[in-house]
Amino acid sequence: MTKLIKWFVTVVLTIVVFNVNAADSDIVLGPGDVLRISVFEQPDLSLEVRVSESGTITYPLIGEVRVGGETPAAAERKIASMLESGGFLKNPHVNIIVAQLQSQQVSVLGQVNRPGRYPLDSAKSLADVLALAGGVAPDGGDLISLVRKIEGKSVREIIDFAEMMRDGDLNKNILLTAGDIIYVDRAPRFYIYGEVQRPGQYRLEYHMTVLQALAVGGGLSLRGTEKGIKVKRLDDEGGVKIIKVKHDDFIQPNDVVYVQESVF
C-alpha cells in the first residue's frame with residue numbers, strides 16, 4: 001500500500017510540474033516581471049531580480065543579460081551559455097521561475113465582481129479572464145467593450161457576451177493579448193411609474209415586453225388599467241416622444257412606462 005501511495009504522489013507531482021512548465025513555455029518575459037533564478041548546486045548564484053524597462057537584468061559574473069521578449073526556457077539557455085562561454089561554470093543547469101508576471105497583463109473594469117489586472121501566464125480567452133474576475137456582476141450588462149492596440153492605434157470592439165453564450169458562437173471568444181482592456185458596462189434600465197404596485201427603475205432583460213415590464217413593477221394597482229399604456233422614449237435627436245404600446249411590444253433602454261388610472 002505504501003509503495004502504491006508513493007507511486008501515486010510521484011505521478012501527481014510529475015503532472016503538476018509538467019503543467020507548470022507547459023504554461024511557462026507560453027510566457028514572454030517583459031519589463032516589470034520578477035524572476036527567481038537559480039543554478040543547480042550553485043547557491044551563491046540564486047537571485048530574485050526584476051526585468052528593467054529596457055528588458056534586461058543584471059546577473060552575477062556575467063553582468064547585463066537581455067531577457068525581454070524571451071520565454072523563460074530561452075532565458076535559461078542564454079544565461080547558461082553566457083556562464084559557460086565566460087569560463088565560470090561547465091555545463092550549468094539554470095532554472096527560472098516567474099514570481100510576478102507584470103508585463104503580460106490585461107485590465108478588467110466595470111461591472112465585474114473582482115475588477116483589476118490579471119496576468120496572461122498562458123493563452124487566455126475573453127471568457128477565461130472574465131472568470132478570473134469573478135464573472136459579470138448582477139448590475140452588469142450583456143455588452144462587453146474590448147479595447148486593444150493594433151498597429152499603434154487604439155481599437156474598440158463591442159462583444160455581446162450573452163448572445164455568444166446563447167448561440168454557442170465561440171469565434172467571438174477571442175484570445176487576449178497583453179495590454180488589452182475589458183470593460184463591462186452597466187445593464188440597460190427602464191422606468192415604470194403611475195398606477196403600478198412598485199414604481200421605479202429596473203434592469204431591462206433581453207427582449208422584455210410591456211407586459212413583462214408591468215409584472216416587474218408588481219402589476220397594476222387597484223386603480224390601474226392596462227388600456228392606454230404609454231411609453232416615453234428618446235428619439236435619434238435626443239428628444240422625447242410619447243408612444244402608445246401593446247402588451248407584446250418590446251421595451252427599449254431608458255424607456256419610461258406610464259400606466260394610467262382607470263376612469264371607472
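This is a short exchange on how terms are applied to a predicted model.

Trainee: What does the model rest on?
Mentor: The model is predicted: local features need pLDDT of at least 70, side-chain atom pairs count only at pLDDT 80 or more, and totals for chains, interfaces and linings use all residues. Residues are numbered from 1 along each chain as its sequence is written, and side-chain values use heavy atoms, with hydrogens and water left out.

Trainee: What makes Glu48 and Arg36 a salt bridge?
Mentor: The term needs a side-chain nitrogen of Lys or Arg within 4 Å of a carboxyl oxygen of Asp or Glu. For Glu48 and Arg36 the closest N and O atoms are 2.7 Å apart, so the pair qualifies. Glu48 sits in strand S2 (residues 42-50) and Arg36 in strand S1 (residues 34-39), 12 residues apart. Strands are DSSP runs of E, at least two residues; helices are runs of H or I, at least four; both are numbered from the N terminus.

Trainee: Why is Arg189 called buried?
Mentor: Buried means under 20% relative accessible area, exposed over 50%, partly exposed in between (1.4 Å probe, protein chains only). Arg189 has 11%, so Arg189 is buried.

Trainee: Which residue does Arg189 meet in a salt bridge?
Mentor: Asp139, at 3.3 Å from N to O. Arg189 lies in strand S11 (residues 189-194) and Asp139 in the loop between helix H3 (126-132) and S8, so the pair ties together parts that are 50 residues apart in sequence. Asp139 has 36% relative accessibility, so Asp139 is partly exposed.

Trainee: How do you know that Arg223 and Glu195 form a salt bridge?
Mentor: Their closest N and O atoms are 3.8 Å apart. That is within 4 Å, so the pair counts. Glu195 is buried because its relative accessibility is 15%.

Trainee: How many salt bridges does the whole structure hold?
Mentor: The search finds eight.

Trainee: What makes S10 a partner of strand S6?
Mentor: Strands pair if DSSP finds at least two bridges between them. Four bridges join S6 (residues 105-110) to S10 (residues 181-186), so they pair. They run parallel. Val108 stands opposite Ile182 in S10.

Trainee: How does S8 run against S10?
Mentor: Antiparallel, with five bridges joining S8 (residues 140-150) to S10. Val147 stands opposite Ile181 there.

Trainee: Why is Tyr183 called partly exposed?
Mentor: Tyr183 has a relative accessible area of 38%, so Tyr183 falls in the partly exposed class. Tyr183 is found in strand S10.
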